[in-house]
Amino acid sequence: MSDSTIQFLAFDGCPLAEAAKANLERALSDCGITGYRTVDILDPATPEELRSWGSPTILVNGVDVGGQGKGDGVGCRVYPGAERVPSASAIAAKIRSVRKGQ
């Protein structure tokens, strides 16, 4: 999947970041993908268009795996469901749908 960009957006101390990252890594493994880019949304060097997403956010080619748009500032993000982060299967499904669309 060399033509796709997968980004994990979060800030240090986000209480849901580790669970989201673990699910992302499980999904990438299921899809045979070895890498992604971690983006600190609080870093002043981070492009403005990425700093408005909540933490954690997973983007595949700039599209949120949860189907939402970016917010109006930095904050915590809670997804629907018991885990409060996207499941590995939902992340993998989004990656596969992007692959098919290429």
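**Backbone geometry, strand pairing and cysteines**

In this predicted model, the hairpin formed by β3 and β4 has two residues between its strands, and N61 there takes a positive phi near 50°.

Q: Where is N61 found, and is N61 buried, partly exposed or exposed?
A: N61 belongs to the loop that links β3 to β4 (63–64). N61 has a relative accessibility of 36%, so the residue counts as partly exposed.

Q: Which two residues does a cis peptide bond join?
A: Most peptide bonds are trans. In the loop between α2 (48–51) and β3 (57–60) lies P56. The peptide bond with an omega of about 0° is cis, and it joins S55 and P56.

Q: In β4, which residue is the bridge partner of V60?
A: β3 and β4 also pair in the antiparallel sense, over two bridges. Within this pairing, the partner of V60 in β4 is V63.

Q: Which residues of β3 point the other way from T57 and L59, and are they buried or exposed?
A: Buried residues have under 20% relative accessible area. T57 and L59 point one way from β3 and are buried. The residues pointing the other way are likewise buried, and they are I58 and V60.

Q: Why does C14 form no disulfide, and how many disulfides does the structure hold?
A: A disulfide requires two cysteine sulfur atoms within 2.5 Å. The closest cysteine sulfur to that of C14 is in C76, at 4.9 Å, and is therefore too far for a bond. The number of disulfides in the structure is zero.

Q: Is C14 buried or exposed, and what is the relative accessible area of C31?
A: C14 has a relative accessibility of 8%, so C14 counts as buried. C31 is buried as well, with a relative accessible area of 8%.

Notes: Residues are numbered from 1 along each chain as its sequence is written. This is a predicted model: local features need pLDDT of at least 70, side-chain atom pairs count only at pLDDT 80 or more; totals for chains, interfaces and linings use all residues. Side-chain values use heavy atoms; hydrogens and water are left out. Helices (H or I, at least four residues) and strands (E, at least two) are DSSP runs, numbered from the N terminus. Buried means under 20% relative accessible area, exposed over 50%, partly exposed in between (1.4 Å probe, protein chains only). Two strands pair if DSSP finds at least two bridges between them.
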